[in-house]
Amino acid sequence: MKKFSIYFFLILFLNTALGADTLSLSFFQNMTDNLFQNRYSEPDQISSFNFYIDKNISGFSFFTEGNYSYLHKNPELAYYLHDIGIDYLKPVNEKTAFYFSLMGQGAFYRSDYEDFNYFSFNFLAAFKTYISQTSIMKSNYILEYKKYKYSLFDFVSHSVFLSFDKFFQTKTTLKSEISWGYKNFLHPYSSEEVIPEDYTEDHHSGRRTYIFVPKIEYEEQGIQIFSIKGLIAQGVGDRIGLRISGMKQWILSGENPFSSVEEFYMVENPSYDSYSWTGYQISSQLTVLVPWDIEFKIGYTMDNKEFHGIESMSLEGDTLDITRKDERGQFEARLEKNFPKFSIFLSYFYIDNQSNDPFFDWQSNLFSVGIELNTFINKKK
Amino acid sequence: MKRRINILSLLIFMVFWSVSFGQKQLHYYNVDKEIKIKGTIQKIIIEPRYKNNSPFLIVILEEKNTRRKFNVEISPVRFFSVDFHKGANLEVVGSIYSKGEKSQNIIARQIRFRGEILVLRDKHGFPAWRGGGMMHKKKRKGNDF
C-alpha cells in the first residue's frame, strides 16, 4: 500500500510540476506458466502499472513515463522503470521531416535482480521522406549508453537503419530494410575466473543465479551486426490486412563476452539482445477488424538463432562443446478495442523454444489483460 | 410594443453580424459538425498548424462516391509512426471546420486504416495522442518477445 501511495504521489507531483498536456494510465495483469523461460517451468502473475505524462512547449515535447511491475510469487523480482525525455519534429518541406529525441532511463529491480539496475542515455535521429506519394524512405541513427550496477554489462552502442517501401494500387506494400549495429562492452572481462556459487543447486530450480560468468580472455570487446529484412503486406477490403516478413542477421565481428546468455520474462536482459545472435526470423500476421470495431491480430513467428561464443551445457553443467542454437515457434493472438477515453487489451502467446542446451528447451503459455486510460489535462482543441 | 421588439431583434442581429463578419473561421473541433467519410488518399503532406505545437500530418482524401476532396488533419506524431500512401483507403470520423471552393477541411477524431483503428481525439475533440517519445515504442502492453 505504501508503494502505491508513493507511486500515486509521484504521478501527481510530475503531473502538476510539468503542467502536463496528457496523462495516460494503464494497468496490465500478466500470467505466465514459465517465468524464467527455461526447462523448469515456474508460474507467476505480474501486475504492471504504467503512467505517461507529456507537455508541449514551442514544438518540443517533454515526456516522462513510469512503470512498476509486481511479481506475486517472486516479490523480490519486482521492479520500477522510469523514462524521461524530450523530442522534436522538424519538417524540411511538405514531404520530409527529421525527428530528434533524447531520453534517459533508469531501472530499479529488487534484491534478486539488482545486478540489472541501470541508468541509460539514448539519442535518436530519424528521417522520413516521401520519394513519391506511394514510396517512402526512412532512416535513423540510435546512440545508447547503459551503465549497470553489475559493471560487466556496461556498454555503448550505435545503430543505423534504412528502409524503403512501395505501395501498389492492388493494396500491396513491399518493404525492404537494412540495419547495422555496433555494441561495445566497456569492461566485459574479469581478470580472474568467477565461479558461480551454488550453481548446481540453482540449476534445477527454475532459475540460474549469477550465471553471467565473464570470460577471462582479452578478446575483441565489440560486437558488430548487420541485418536485412523484407516484408510484403496485402490489404483485403477495408477490414483485413495480411503481413509476411523475413529477416536475416549476421554477426560481422566479435562474439558474446559471457559464458551463458538467457532471457527473462519482462526483464530487459543485457546478455540476450539483438547483438547476441546470428540467424533468421520469419513472421506472419493477420489483422482483422471484427464487428464492434474490435481489432483482432493473429500471428506466427519462427526464428532460428545461433549464439556465437556461447557453448551449450548439459543439465549437470558440463560443456557439450557445441555452440548454442535455439529454434523457436511463437503463436500469438491479440484483441484490442479502442474507446474515445480508454482502450482494452487481451493477448495470448504460446512459445515453443527448442535448444541444443537442454536447460533452454522450454514451452510457455502467456496470458495478458489490460486497460489504458487517457486523460487530457490542458484541454486545448 | 411589437415594433420595439422587432427593432431590438434587428439591432441584436446587426451587432452579432458585424462582430462575426470578417472574423477568421475558427479552427477547432466542433462536435456538431462531425461527419464520417470514406475515401482514397490523394496526397500526404506535413505542415505547421498550431502555435507551440509540432507540425501536423495532413492527408488529402477523395471521397469514393462523390469525389469530393477533404484536407484531413491527422496529428503531429503520426508522420513517423504511420506510413500512409497515395491510393490507400482511409475512413475518417472528424469535424468540418472550413469549406474551400475545391475542398473541405476536417479535423480527424478517429481513422480506420489497413484494418486498424487509430483514436486521435476523444468524443469532444480533445487530443488523444501522446506527444513525446513517439519513436521509442515504450508502451508496455503486456509482453513482447
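Visitor: Hi! How many bridges join S4(B) to S5(B), and do they run parallel or antiparallel?
Guide: Strands S4(B) and S5(B) are joined by 8 bridges and run antiparallel. Strands here are DSSP runs of E with at least two residues, helices are runs of H or I with at least four, and both are numbered from the N terminus. Two strands pair if DSSP finds at least two bridges between them. Keep in mind that this is a predicted model, where local features need pLDDT of at least 70, side-chain atom pairs count only at pLDDT 80 or more, and totals for chains, interfaces and linings use all residues. Residues are numbered from 1 along each chain as its sequence is written, while chains are lettered from A and ligands numbered from 1 in the order in which they are written.

Visitor: Which residue is the bridge partner of Ser98(B) in S5(B)?
Guide: That is Asn105(B).

Visitor: What joins S3 of chain B to S5(B)?
Guide: Strand S3 (residues 69–73) of chain B runs parallel to S5(B), with 5 bridges joining them.

Visitor: How many residues of S5 are buried?
Guide: In strand S5 (residues 103–113) of chain B, 8 of the 11 residues are buried, so the strand counts as mostly covered. Buried means that 20 or more other C-beta atoms, placed from the backbone, lie within 10 Å of the residue's own; exposed means 12 or fewer, and partly exposed is in between.

Visitor: New topic: how many residues does each chain give to the contact?
Guide: Chain B gives 46 residues and chain A gives 67. Two residues are in contact if their C-beta atoms, placed from the backbone, lie within 7 Å. On the chain B side, the largest share, 5 residues, comes from S1(B).

Visitor: What about chain A, what is its mean pLDDT?
Guide: The mean is 85, and 83% of the residues in chain A reach 70 or more. pLDDT is the predictor's confidence in each residue, from 0 to 100.

Visitor: Where in chain A is the pLDDT below 50?
Guide: Over residues 197–205 of chain A, a stretch that has 11 contacts in the model beyond near neighbours in sequence. Where pLDDT is low, the predicted coordinates should not be read in detail.
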